[in-house]
Amino acid sequence: MPRFAAILMSVALALCGLAQAQQTESSVLSDLAASPEPYIEWQPTAERRSFNLTGDTRSIYNAIGTAFGIQMQFDQALQSRQARFELADVNFETAVDVAGQLTKTFAVPLAPRRALVANATQEKRREFNRMVHRTFYLRDLTTAQELTETANLLRTMFELRYVLPQPQSSTIEVRGPRDTVKAVERFLAAMDASRPEVALDVQIFEVNRSMLKTVGVDLPLQFQVFNITTAVQDLLNSPNIQDLINQLISSGGLTPENLGSLAGLIGQLQNQQSSLLANPLATFGGGLTLFAIGIPPATANLSLNESRVQLVQRVQLRASQANAANLHVGTRFPVLTQSFSSGLTIPGLPGGDLSNATGLIPGFQYEDLGVTLKATPVIHGTSRVSLKLELSVKSLGGEVFNGVPVIQNRQYQGSILVENGHSTVLTGMISENESKTLRGLPVVSRIPILGRATSVERDQQQMSELLVVITPNIVRARERSTDLIELPAAGQ
């Protein structure tokens, strides 16, 4: 009889333990499912403790909970393992992480002072790990491409499925296990430091020099032979040009519209006839032929024209890490490219009348004159800056083709590495143009002394210098690398 009572007592105790375990498991699951807190943090009573014990999984976690004032609950399927647990001066989270690595378990918070311990399997992690949703505001990511690249980085590094970038608000929404989202938070906090920035001081020096020198005697090289008697008779017999014009107008042969052009032509003929006797003459033929040669006047040249133009342009701009900065300093010059009329009609066709035609409408294309600079910096620590530069300098030239001025364009593209605060020359260009012309009598102009008195020598020189200097100054730098971030174990 006493033996039968003992058996009944043991069965009753087993049933009570099973019921209590089922009640504990159901209460834990209900806490995980019905807890309204989206994010729970442990609140241990002490900051740091030391441990030196040997035992199974439950005893180790109970010792940690007792030391920090956290109530430990265990999953029904927990497999207990023996381990040596020895730590000195650690906080609660470190003690829990080390205990989990020793016993192949993990702990999740149920409340600020209550935790659940379960086996570290993917099934248990999916069952007990809390899924949280977090929106991160990234102030340094301003473009949709940057947000998309960051979202893809989070998916790859943390194996997250729910990562949604929002370019309108510069935010990224993340949904995943609590520990994973906390790791994402630490990662983005390390990346959230303001981007390095650099101030670029660009100086453009341009010097243009030109010189035109003309020295010598410009002798006549063409002579006209004419008969003196014939030229005098033509001059005496030539009627009054103005009287002829008046007679033609009175008779109706000329109209006021073509009077101006006709008077110009007649006046030109009259000047040609009178110009034969206006210059000195040299006769030949012994007075028998009365032929003469007109001697045009000679001109002595002694002139020097020299000009020097110095242009200094200084541009300052500020750019952030890996972001291109664009700057244009100058004007927009209109260039006529076409002209058309919307109301021009063709004579002879029905309704065709040129009197109704509208004026020509010009079409322009605007060219940006001045300095255009595009700089993309990459800052290395606090001492060096890599610059990818595209520089263009446009200005109006001195030549014109078909009424359109020539635009001089100087461009530079390249990448350089510059020390912080040091100046470097991006580009330097010197162009020289020299031309010499000699006008005079054949053979005689080549004689050293006589050639100077019988010829004109013109010497023209043009020189242009362009120098572009840039000086980077780091305004804000990232002096050190980010701290180590512990990623959650696989399956979290």
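Where in the chain is the place of alanine 322? It lies in the loop between strand S13 (299-320) and strand S14 (325-340), where helices (H or I, at least four residues) and strands (E, at least two) are DSSP runs numbered from the N terminus. Alanine 322 has a positive phi of about 65° although it is not a glycine. Lysine 104 counts as exposed, at 51% relative accessibility, where exposed means over 50% relative accessible area, buried under 20%, and partly exposed in between, with a 1.4 Å probe and protein chains only.

Before I go on, a word on what we are looking at. This is a predicted model, in which local features need pLDDT of at least 70 and side-chain atom pairs count only at pLDDT 80 or more, while totals for chains, interfaces and linings use all residues. Residues are numbered from 1 along each chain as its sequence is written, and side-chain values use heavy atoms, with hydrogens and water left out.

Now the chain as a whole. The protein chain has 10 helices and 19 strands, and of its 492 residues, 28% are buried. If we take contacts (heavy atoms within 4.5 Å) between residues at least 6 apart in sequence, 70% of them join residues at least 24 apart.

The axes are lines fitted to C-alpha atoms, for helices over the stretch in contact, and angles run from 0 to 180 degrees between N-to-C directions. On the H2 side the contact is made by Thr57, Ile60, Tyr61, Ile64 and Phe68, and on the H3 side by Phe92, Ala95, Val96, Ala99, Gly100 and Thr103. By class, this contact has 8 nonpolar, 3 polar and no charged residues, where Ala, Val, Leu, Ile, Met, Phe, Trp, Tyr, Cys and Pro count as nonpolar, Asp, Glu, Lys and Arg as charged, and the others, Gly among them, as polar.

The other pair to show you is helix H5 (residues 144-158) with helix H6 (residues 178-191), whose axes are 11 Å apart and which pack at an angle of about 130°. That angle makes H5 oblique to H6. The contributors from H5 are Thr150, Leu153, Leu154, Met157 and Phe158, and those from H6 are Thr180, Ala183, Val184, Phe187 and Leu188. These residues divide into 8 nonpolar, 2 polar and no charged.

How many salt bridges does a search of the whole structure find? The search finds 11, a salt bridge being a side-chain nitrogen of Lys or Arg within 4 Å of a carboxyl oxygen of Asp or Glu. One of them joins aspartate 75 to lysine 124, with the closest N and O atoms 3.0 Å apart. Because aspartate 75 lies in the loop between strand S2 (71-74) and strand S3 (83-90), and lysine 124 in helix H4 (residues 122-128), the pair ties together parts that are 49 residues apart in sequence. Both aspartate 75 and lysine 124 are buried.

Glutamate 185 forms a salt bridge with arginine 134, the closest N and O atoms being 3.1 Å apart. Here glutamate 185 belongs to helix H6 and arginine 134 to strand S6 (residues 131-137), and the two are 51 residues apart. Glutamate 185 is partly exposed, with a relative accessible area of 29%, and arginine 134 likewise counts as partly exposed, at 30%.

Arginine 476 counts as partly exposed at 33% relative accessibility, whereas glutamate 197 is buried at 17%. Salt bridges that share partners join Glu197, Arg318 and Arg476 into one network.

Definitions and conventions. Parallel < 35°, antiparallel > 145°, perpendicular 65-115°, else oblique.
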